[in-house]
Amino acid sequence: MIMKQFDHLMLFFLLHTCCSTLLTLAQAPAAAPVVAPKAAPVLAPASSPAPPGPTNVTKILEKAGQFSTFIRLMKATQVANQLLGQLNNTNNGITIFAPTDSAFSSLKSGTLNSLSDEQKVELIQFHIIPTYLSSAQFQTISNPLRTQAGDSGDGKFPLNVTSTGDTVNITSGLTNTSVSGTVYTDGQLAVYQIDRVLQPLQIFDPRPPAPAPAPAKSKKKKDDDVADSPADDSTDNSKAVRFTMGNNVGLFGVTAIVLIALISL
């Protein structure tokens, strides 16, 4: 009897212990799940900055506005492509005097249409100096300036630029204007706005060609002319007269001698 009661107590004790343990576990906070550490992001190597695009004069003028006619002529004459190559394939600087649309509108009606293709090229090139000129350099440059149109001699394509204070004056011999603003400058390319189209003398006031010198007479011809001159003829005639008279005198003398001899006999 005592043994049975002991077994009941042991069983109750075991059950109580198990229930207490389960209750403790149930009331304990759940353990945080184990999270694997995140891998550090792989950073791409820093790329070098993109090289600047090629210097494009027409895009610069398009962005500035009011240069549509000048842009159209630059493209039509292929001068725009020439400048693109010069600015991006060489170290040569360029200075451009860009007339506004109003400047072209002020030309006499039909002026541009009256020009040949070659003259249109020369007109655009006359607005381009094949070197970079800052605004400060206008005070020290030597005139006349040589443009891409060519010969800067008198009557051809001379362009004179003078500076007085902040005013830069330009003259072609037919056109007088001044720089009214700076459109663009970067140390290699300078674009200045002007309000009149520069008209070169060679195109709009060409001088007549100098007369050709008279051909010199050849020495042989001069000798022939001298031989055929009237003075020679008169000389020859006088010689002939003297010769004839001399012959007549001689014949008369012989006749007289003969007559005297016959009388003597």
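How many helices and strands does the protein have? The predicted model has 9 helices and 6 strands, both taken as DSSP runs numbered from the N terminus (helices: H or I, at least four residues; strands: E, at least two). This is a predicted model, in which local features need pLDDT of at least 70 and side-chain atom pairs count only at pLDDT 80 or more, while totals for chains, interfaces and linings use all residues. Residues are numbered from 1 along each chain as its sequence is written, and side-chain values use heavy atoms, with hydrogens and water left out.

Of the 265 residues in the protein, 27% are buried (buried means under 20% relative accessible area, exposed over 50%, partly exposed in between; 1.4 Å probe, protein chains only). The accessible surface comes to about 18600 Å², and carbon and sulfur atoms contribute 61% of it (Shrake-Rupley method, 1.4 Å probe; for residues, only the protein chains shown count as cover). Among contacts with a separation of 6 or more, 62% are between residues 24 or more positions apart, a contact being heavy atoms within 4.5 Å.

The largest nonpolar core comprises 45 residues, and Leu61, Ile96 and Phe97 have the most contacts inside it. Such a core is a set of buried Ala, Val, Leu, Ile, Met, Phe, Trp, Tyr and Cys residues joined through side-chain atoms within 4.5 Å. Strand E6 (residues 189–194) gives the most to this core, with 5 residues. Neighbours within four places in sequence aside, the contacts of Phe97 include Phe70, His127, Phe138, Tyr192 and Ile194. Ile194 lies in strand E6 and is buried, at 0% relative accessible area. Ile194 and Ser180 are 14 residues apart in sequence, with a C-alpha to C-alpha distance of 5.6 Å.

Two helices pack against each other. In H3, the buried residues are Thr69, Phe70, Ile71, Leu73 and Met74; these pack against helix H2 (57–64), H4, strand E1 (94–99), helix H5 (101–105) and H6. Helix H6 (residues 117–125) has Glu122, Leu123, Ile124 and Gln125 as its buried residues, which pack against helix H3 (68–76), helix H4 (79–89), strand E2 (128–129) and helix H7 (201–204).

The largest pocket has a volume of about 160 Å³. On a 1 Å grid over the protein atoms alone, a pocket is an open set of points where a 1.4 Å probe fits, with protein on both sides within 12 Å along at least five of seven lines, and lining residues have an atom within 4 Å of a point. Grid points are joined across faces, edges and corners, and the volume is the space filled by probe spheres set on the points. Strand E5 (residues 176–185) gives the most to the lining, with 4 residues. The lining divides into 4 nonpolar, 7 polar and 1 charged residues (Ala, Val, Leu, Ile, Met, Phe, Trp, Tyr, Cys and Pro count as nonpolar; Asp, Glu, Lys and Arg as charged; the others, Gly among them, as polar). Among the lining residues are Ser135, Phe138, Asp166, Val179, Ser180 and Tyr192.

Most residues other than glycine have a negative phi, and most peptide bonds are trans. Gln66, in the loop between H2 and H3, has a positive phi of about 60 degrees and is partly exposed at 43%. Gln78, in the loop between H3 and H4, has a positive phi of about 70 degrees and is partly exposed at 42%. A cis peptide bond joins Asn143 and Pro144, with omega about -5 degrees; Pro144 is in the loop between E2 and strand E3 (160–164).
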